[in-house]
Each structure stands twice: as structure tokens, then as C-alpha cells.
Amino acid sequence: MLWSLIKILLFVAVVVALTIGAGYIMETGPSVLISVGVYEFELGPLQAVLAALAGLGLLWLIFKLVGLLLAFIKFLLGDETALSRYFDRNRERKGYRMLVDSLLALAAGEGKEAMAKAAKAEKYLQLPQVTNVITAEAAEMIGERKKAEEAYKALLAHDKTRFVGIRGIMKQKLSEGDTDTALALAQKAYALKPRHEEVQDTLLKLQAEKHDWSGARKTLGTKLKTGTMPRDVHRRRDAVLAVSEAKDILDAGKSIEAREAAIEANKLSPDLIPASMMAARGYIDKGKPRHAARVLKKTWEMNPHPELAVAFAEIVPDDDPKARLKRFMELTRIQPDHPETKMLLAELNIAAEDFPAARRALGDLATTTPTARSLSIMAAVERGEGADDAVVRGWLARAVIAPRGPQWICDNCQHTEPTWTPVCSHCGGFDTLSWRELETSELTMPTGSEMLPLIVGKSADETAAEAAAEMAESVEPPVDAPVEPGTEGAHEDETVLEGKVEK
């Protein structure tokens, strides 16, 4: 309110001052005389003021015309002017419109349209850092790999886009199966952005495939530091890498270093079966059987496995079957109800030729959850107790078509491996093997195979034996199914038992 009043007072004061000044000028006489050649002009005060104003206006107009002329000359010479800025803004608007259109086309899956719009945007904007990314993605979308590779290589020339270019070429090399080049590119990308999770995973996978265990452990440590991997998962996978490194060291003939690496791996992850086995064998070599037994029992408590029993047997390799049965009691009493424990006890009693005890140890495992191994053990028990050949063959025939039981199975691709490996040979997954049963749908067997155990078990004549042999040959077990540790197969069990009965 006060400011408005002050402005009004100032306006009135200016008007009053101009009025007084104009009156004063009008009261004075002629005061300006202008001579041009033979002409003279006498101007009054008001006329002189108007003439001065007109002169100033003319001078301003001349300056403007001169400035316009200079700007036009600069425009012709290529310098930036208001006119050039106008055209630049217009070109920029068109370029950004094309850039938006190319991004929308890329999101809509229209690769060719995205590439065309990106080319026009590049023409208007001169921003290869952006348009080359769109071009590369669009070319990948429509299958023009060469065009995409050219765009990725163009991105290598700029610091801000070098990582994008390296990552794009790396993914191309991976799809082509060129893992050597992909590994080198992954290392460069990792050096530029060590916190990038996808690059970390790719580098870790390639290092594991190339058996670069020390480099893989460093990458794994970075994943832990950057928070892209939980601590418990890191310990498990670090143990996997450590035991893999120990295997390579052992293959190179450096047993001492391998032993220490295996013990370290077992400390990192006591439930890792290969690490426990190597650590136990390392303690056995050092003359510490109690340490070896402690390691194996701890792992057996977490996950009973037949290979652990094999390593436990190696602690005293030359004991007789009865002594071994007695020594194994400290292992089998840990998880007495586990199927692996029951089958182990049955096998130990069969080796000691105590077949009734083997039957009791096995219990109803062969009927409630039959597997090839449990049915083969049951056939051995029947043979040891003097059952008819038809009964033994019946159990063996069931073993042929029974599930294989727990195996090393990849959690990613469901591929089975005969032995544990850190990397799946089928899909390349790292630390994806687990000891479990393969989940399969109901299997349709060849005609009459479901009747095989009944046919074989009813008669012991040659016709039944030939039928059993023919049907057993026609039923092929899964190609990838490994042979259970400690079980060489139904036919070998039959041969061994025949020798025992003859004795």
C-alpha cells in the first residue's frame, strides 16, 4: 500500500517537473540557428527538442541497420547469430522428437522403425552416445548382429558409453560361445564398474568355467562387499571355490597345499560333501584319523551321503567286515532313520554275511520308497538267505525299473551329473548341484514292463529268465543317471551272491 502511494507521488512529481520545464522553454525566445550552405534554419526551443529527439531516433535506426548487416555477414561466414540460433533450436526440436519416437518404437518391439528414427535423430542432434545405444539394441532385436556390433564398437570411443559397448560385445560373444573373448571383456567391464551385479555374475561364471578359482574368489569377495550376495551364500560358494582349487592343486601334485585348501573349504561350509571328503582324506594323510572322523560325522549329520561312508571306510582301510561294522556304528547312530543310514547298515551286514540283520536294518525301505539301490540290496539279502532264483530275479527286475534315488542334480536345468562338480556341464550354472531325487512325471514304460516283477517272480524256468533278460535290456536307465556309490549294479550283486552261496 505504501509503495503504491510512493509510485503515484513520483509520477505526479515527474509530470509537474515536465510541465514546468516545457513552460519555461516556451517563454524563452528563439535560441537555435542551423546553417546548411546558403540555407539557415532557426528553431524554437520546442522545435529544437523535437529535432534532437528525431536525430537520436535516426541514429538508433542506423546502428540497428548496421548491426543487422554485420549479423547477416557473420551468418554467411558460419558464426553463431540470432538467425542461426533459431535454425538450431528448430533442428534440435526435430531431433528430440525423432529420439522420443525411436525410444517408443524400441519399447514397442519395432526394431527397424527404431533404427530409422535413431538415424534421423543422429542427423539432427549429433549425439552418437545416445543414438548408437538405441541402434545397437534395435539391431539386436531384429537379429542384425553385425550392425549391433558396429554400434557397440562406436560406443567404445566415448568414456561415458565405453562400459555399455563392452557389455554389449561381451553378451554377443557369450551367445556365440566365444568364452575366452567374453572373459576378457567381462574383466574390462568389471574394472570399469565393479559394482555392476550382472557383470559380477558373468565374470564369476566364466572364471569358474575356466578354473580360475583365485580370480573367482576375488570376484565373490566383491559381491559380498557390494551387498549383491548374502553372507551365508558367500561362505558356501567360497567353500565351493576353495575345494575346487584344492582339487586342481592336488592334480598338480601339490598334496600339502591341496590338503590345507580342503580343510579351509570344510571350515567355510561343513555341509559341503566334497569339501568334507577332501578334508577327511587330508587328515588321514596327516595321521589324524580322529579329526577325519569328526569332519565326516559332522557332515553326515547334516546330509548323509554314500561317498561320506566311503571316506569313513578309508580311515581304517584294512579292517575285516565285522570290525568295520562295529566301527561304523558311531556314524550310523547319528541319523538312524535316514534311508542312507539304513542302506549303509544293510550293506555292512551283507559284507559280514549277517543277512537277517541286513533285512532288519533295511526295514520296509524296499517297499515303501523303493529305489534301484534298496531293491538291489533286498535281492542280495534274499540270495544270502537262500531264496529261490525266481524271487531274487523278481527283486532285480524291480530294481531295473525303479527310481535311481538321490543323485547330483542341477537346480537350474535338472541335469544329472555322475559326480559333484562346481559348474554344471549342461547349463554352466555355478554351485547349482544338489544331492536329491529327480522330480519326474509318471513314466510310461514299454508294454508289459510293469508286469515284469510278477512274471519273473512266479517261475524259475528258462522262459521266465529269458523274458526277464529281454525286458531288462529293453528298459534303458536314464543316460545321465550315475551309478550309486557302493552299488555296481543289480547283475554284479547277483554274481557276487552266487559266489557266496556256492561257498
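At what angle do helix α5 and helix α6 pack? They pack at about 155°, and their axes are 8 Å apart. We'll come back to that pair after a quick look at the whole model.

## The model at a glance

This is a predicted model, so a few ground rules apply: local features need pLDDT of at least 70, side-chain atom pairs count only at pLDDT 80 or more, and totals for chains, interfaces and linings use all residues. Residues are numbered from 1 along each chain as its sequence is written, and side-chain values use heavy atoms, with hydrogens and water left out.

The protein has 25 helices and 5 strands. Both are DSSP runs numbered from the N terminus, with helices being H or I of at least four residues and strands being E of at least two. Of the 503 residues in the protein, 38% are buried. Here, buried means under 20% relative accessible area, exposed means over 50%, and partly exposed is in between, using a 1.4 Å probe and protein chains only. As for contacts (heavy atoms within 4.5 Å), take those with a separation of 6 or more: 52% of them come from residues 24 or more positions apart.

## Helices α5 and α6

Back to the opening pair. Helix α5 covers residues 128–142 and helix α6 covers residues 145–155. Their angle makes α5 roughly antiparallel to α6. The scale runs like this: under 35 degrees is roughly parallel, over 145 roughly antiparallel, 65 to 115 roughly perpendicular, and the rest oblique. The axes themselves are lines fitted to C-alpha atoms, for helices over the stretch in contact, and angles run from 0 to 180 degrees between N-to-C directions.

The crossing of α5 and α6 is left-handed, meaning that the near helix is turned anticlockwise from the far one by less than a right angle; clockwise would be right-handed. On the α5 side, the contact includes P128, V133, A136 and E140. On the α6 side, it includes R145, A148, Y152 and L155. By class, this contact of α5 with α6 has 9 nonpolar, 3 polar and 4 charged residues. For these classes, Ala, Val, Leu, Ile, Met, Phe, Trp, Tyr, Cys and Pro count as nonpolar, Asp, Glu, Lys and Arg as charged, and the others, Gly among them, as polar.

## Two further helix pairs

Helix α7 (residues 162–176) and helix α9 (residues 197–209) pack at about 40°, with their axes 12 Å apart. That makes α7 oblique to α9, and their crossing is left-handed. F163, R167, M170, K171 and L174 in α7 meet E198, V199, T202 and L206 in α9. Sorted by class, the contact of α7 with α9 has 5 nonpolar, 1 polar and 3 charged residues.

Further along are helix α18 (residues 339–351) and helix α21 (residues 372–384), with axes that come within 11 Å and cross at roughly 30°. That makes α18 roughly parallel to α21. The crossing of α18 and α21 is left-handed. From α18, E340, M343, L344, A346, E347 and I350 meet R373, S374, I377, A380 and V381 in α21. These residues divide into 7 nonpolar, 1 polar and 3 charged.

## Aromatic pairs

How many aromatic pairs does a search of the whole structure find? It finds 2. Rings of Phe, Tyr and Trp (its six-membered ring) pair if their centres lie within 6.5 Å; planes under 30 degrees apart count as stacked, over 60 as edge-to-face and the rest as tilted.

F312 and F328 form an edge-to-face pair, 4.9 Å centre to centre with 70° between the planes. F312 lies in helix α15 (residues 306–313) and F328 in the loop between α16 (321–327) and α17 (329–332), so the pair ties together parts that are 16 residues apart in sequence. Both F312 and F328 are buried. The rings of W408 and W435 have centres 5.3 Å apart and planes at 65°, so this pair is edge-to-face. W408 sits in strand β3 (residues 407–410) and W435 in strand β5 (residues 433–436), 27 residues apart. W408 is buried at 5% relative accessibility, and W435 is buried at 15%.

## Loops around the strands

Most residues other than glycine have a negative phi. Q414, in the loop between β3 and β4 (416–417), has a positive phi near 65°. Q414 is partly exposed at 34% relative accessibility. D431, in the loop between β4 and β5, has a positive phi near 55°. D431 is buried, with a relative accessible area of 14%.

P422 is also placed in the loop between β4 and β5, and is buried at 13%. Not counting residues up to four places away in sequence, P422 touches W213, V240, S244, G429, F430 and D431.
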